[in-house]
Amino acid sequence: MQLLQKDIIIVGGGGAGLRAAIAAAEAAPGLQVALLSKVYPMRSHTVAAEGGAAAVTLAEDSLAGHFQDTISGSDWLAEQNVVDYFVQHAYQELVQLERWGCPWSRKADGTVQVRRFGGMKTERTWFAADKTGFHILHTLFQTSLRYPTINRFDEYFVIDLLVVEQQIAGVLAIHFKTGQLVQIQAKSVILATGGAGRVFHYNTNGGIVTGDGMALAYRHGVALRDMEFVQYHPTGLPGSGILITEACRGEGGILLNKDGYRYLQDYDLGPVTPAGQPKNNYMELGPRDKLSQAFWQQQKLGLTADYQGHAVVYLDLRHLGSQHLTQRLPFICELAKAYVNIDPANSPIPIRPAVHYTMGGILTDINCHTSIAGLFAVGECASVGLHGANRLGSNSLSELLVFGKVAGEQAAALAQQTSLVPVSAIMAQSKHQQTSISSLFGNSSESMVAIRTEMTQAMEQGCGIYRDNNGMQRCLTSLHNLKSRYARLTVSDSSKVYNSALLQHVELGFSLDVAEAICRSALARTESRGAHQRLDEGMTTRNDRDFLQHSLALRQADGSTAISWQAVTITSLPPTERRYGAAAHSPANSNISQLKAAQEKGLQHE
Amino acid sequence: MPDPKSASTAYKPVMSRHWWLQHRYFQLYMLREATVLPLLFFIICLLYGLFSLSQGEVQWQSWLTFMATPWVVLLNLLAFSASLYHAKTFFELFPRVMPLAPAALMIVAQWLATFIVAAGLILLLGGWL
Amino acid sequence: MNKTISISRYNPEQDSQPQLQTYQVVSEHSTSVLDALLQVQQQDPSLSLRWSCRMAICGSCGVMINGIPKLGCKTFVRDYPEQLVISPLAHFAVEKDLIVDMSPFLQHLSAVKPYLINAEKSLQPHKQTPAQLAKYQQFANCINCGLCYSACPQFGLNPEFIGPAAITLAQRYNLDSRDQGKAVRMPQLNSKNGVWACTFVGFCSEVCPKKVDPAAAVNQGKVASASDFIISMFTP
């Protein structure tokens, strides 16, 4: 077993990991940073984000506006101090990226252009055509090449955290190329491994999004917070789930059911806005949870169409015109052509909701620090408290920049003050892992593919857009059954070099843990809030009296999950009813006065 | 990026000498490169012609006779089509390297310019001879 | 519909060279070559390949399909009614099955200093008009899939050639109105393994899945390199 020593380890080379690496390298040029990724960094799933990154930009916009939209979008489950910090720092981070060369789309005068996005009252989403995540990731990756202290470990797969008495000591990884186990010691470790969308059957996520970091932390007793909140993106391609960005609707795209009717007006998002003249917070620019739920309701009513066996509705962009589409949504045109053989200028695109984002994740404080000393988490794998029960589109790209920087700086500060845990203290744990890895090889009657497929189907059926107790109980039973089958599963390929079967085996173990945490958390929340909607009697509405709280999933010694609750930090915006469309402006709503109160508290643009 | 002496022994493919026969794109590329051969012949002819001109009437007549031999005509026709082909590939590349106007427009403009210059030269030389 | 496909298999722990193996897959209208490969991996878990996003943006799944470099996820089995042979990207060392050693590619990328070089310190965004953006935007769309290296016989003959994608990236920054780093990038492009190693085969642009047109970037690099040389002749 190889042994290496670094100061800071970052697990994950996506947007959050790279931003953290650069922040750490800038904050402490004397420290050695190890950036581990199971793929080459530019393959990370940040690459697939399309729409944009939010920050208060226009003169008529205000930090209080972004603050309020995010809290309301979260159905009041966001940590308000975290949201406050976020909205104040998002703009500077997007500018930083601009200074690093990100090709943001521009207005004729050369200033940065912003677009509309769902659940945002004002245009504040920066974008680089419809490949914003791609450009952010490549800009960060290329910028990271400037820093000699960032040591990349491409295609290193972390299988365990090395923890000694609640203090991080390093990580244990498999070098994919050689099959060698490598222990890397460090003073601080940042998990930036992304989400877990792949535990569901229909998702917009890449094959690598398997919840690794969440499970790594969870197995060492760190709580996973708000795991029941899983975002369905309303517009994925049928079958593959390939993402069709919300920016299509921001640009003026409309959603139609099989009769060509704009069904969103029936779900408190109206009145209808004219096609091609989108209005913030109305109709197609409602938040993602509401839109995905409306699809489910339409399907129940038999108003969805069929596309090769999949229930679909239509995203109509025809009225935007070919020229506008090729300029603002070139990637969408390319995807529609390649995967459903449609030119969006001539035909509506068949779409359906698909799992897109895990709002929950590893519990951290506002400094991205977890309950293990020296262990940080950031990005989709973490729950710093920004998204609550529903994330607003374009907040997560900004999040990984704002909190990636925080995590990098915090990890660097901590690494400068601490020393390495002696290697003797971690040897036993590493040896134990080495033994369990080598005991995996052999032949068994269990099939990895079967277990994985059954898991994703169980999650889709039990923990989908709408949930009920019986469905979730069935899902939980299946997961337990799958876990015991997984315990008997072996890896038939015993080769060392690029052993995909071994990696997938370990990933599946991670996914099963995360799936159970999601299902358990969802069962425990007997109300409906944001992306968690229950059909059970008495649970179909929000219940602030009992559930204005975060769920915490904690792994027990016997491997089961226990749920406990944590209060939500509310600083200036007490809960009110969450409304979109014209309803948001009805006198019954007190949001406006709350917003005014928040503005008076000085949440102004710096 | 430590690369421990790995157990891996990667297979290093060797390019065969016939790589360019593998598909049409490479064949066309080799054809473009090969256009230099007939063009070389044409240039030698041209230089020989200039030399003959300086040697007086008899030599000049013999060069004209030589140029009219069927195989020389054939080779020069080949050189002509080769230069057209080379020009085509060049004209298509040019708008990509210097994107001054829409590519299609630039390609047409280049051909037009070529024909105008060529016609002008022919008229000029025809008049002089 | 059942379809027979051939996949190049190589296990460095057992084989001396890659060999083709045939498999049966079920192909529907929307089945991509990547889908087919993943079906094979379900039958035979020892098959190794790289993939992730399934939507032609992460750049992982480049392979040779009937001898032409392509992204597995953006190529469809339906378009190959006859034979379908999948092998690892050409001109790279094969690590295992469809996985090649991408480290030369990454070294070449880093060599051209592919980041914005600008000494000015400011917390304000630069101004850049849409016209200035358009000058380099196409070259910024490279997803680093490496297909252009497999299409380039010059890279095949000389692995030191920094190659289409790296030169494109250099050109992307050289053309960026916010950048001041051209002078530090030019020596790399002027060198014998820089732009002049290109003989304009042009196949790189043909295979690029993102229409980046690396051949144009390389040839623009030649113009820049030549003018660089001429200017240097007249400056002491």
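## Exercises on the interfaces and local geometry of a predicted model

In this predicted model, 61 residues of chain A are in contact (heavy atoms within 4.5 Å) with 61 residues of chain C. Residues are numbered from 1 along each chain as its sequence is written, and chains are lettered from A in the order in which they are written. Local features need pLDDT of at least 70, side-chain atom pairs count only at pLDDT 80 or more, totals for chains, interfaces and linings use all residues, and side-chain values use heavy atoms, with hydrogens and water left out.

**Exercise 1. Describe the interface between chain A and chain C.**

Step 1, area. The size of an interface is often given as the accessible area lost when the parts come together. Chains A and C bury about 5100 Å² between them, with 52% coming from carbon and sulfur atoms; this is the accessible area (1.4 Å probe) that two parts lose on being put together, summed over both. On the side of chain A, Arg43(A), Arg99(A) and Tyr339(A) supply 15% of the buried area, more than any other three residues.

Step 3, elements. Helices (H or I, at least four residues) and strands (E, at least two) are DSSP runs, numbered from the N terminus. Helices α3 (80-99), α4 (132-144), α9 (330-340) and α14 (500-524) of chain A each supply at least two residues of the side touching chain C, and α4(A) gives the most, with 6 residues.

**Exercise 2. Which residues of domain 1 of chain C lose the most area to domain 2 of chain C?**

Step 1, bounds. An automatic or database domain assignment divides chain C into domain 1 (2-100) and domain 2 (103-234). Their centres, taken over C-alpha atoms, are 29 Å apart.

Step 2, interface. The two domains of chain C bury about 1200 Å² between them, 70% of it on carbon and sulfur atoms. Pro69(C), His91(C) and Phe92(C) lose the most area in domain 1, together 48% of what that side buries.

Step 3, pairs. Across this domain interface there are 0 salt bridges, and 6 residue pairs are in polar contact.

**Exercise 3. Which strands stand at the edges of the open sheet in chain A?**

Step 1, order. The sheet has 5 strands in the order β20-β18-β12-β23-β24, with mixed pairing; two strands pair if DSSP finds at least two bridges between them.

Step 2, edges. Strands β20 (382-383) and β24 (561-567) of chain A each have a single partner strand, so one side of each is left without a neighbour in the sheet.

Step 3, a pair. β12 (224-225) and β18 (361-363) of chain A run antiparallel over 2 bridges, and Leu224(A) stands opposite Ile362(A).

**Exercise 4. Where in chain A do Pro271(A) and Trp76(A) lie?**

Step 1. Pro271(A) is in the loop between β14 (254-256) and α7 (288-300), and the peptide bond from Gly270(A) to Pro271(A) is cis, with omega near 5°.

Step 2. Trp76(A) lies in the loop between α2 (63-73) and α3; its phi is near 65°.

Notes. A salt bridge is a side-chain nitrogen of Lys or Arg within 4 Å of a carboxyl oxygen of Asp or Glu. A polar contact is a pair of N or O atoms within 3.5 Å; within protein, one must be able to donate a hydrogen and the other to accept it, and residues adjacent in sequence count only if both atoms are side-chain atoms.
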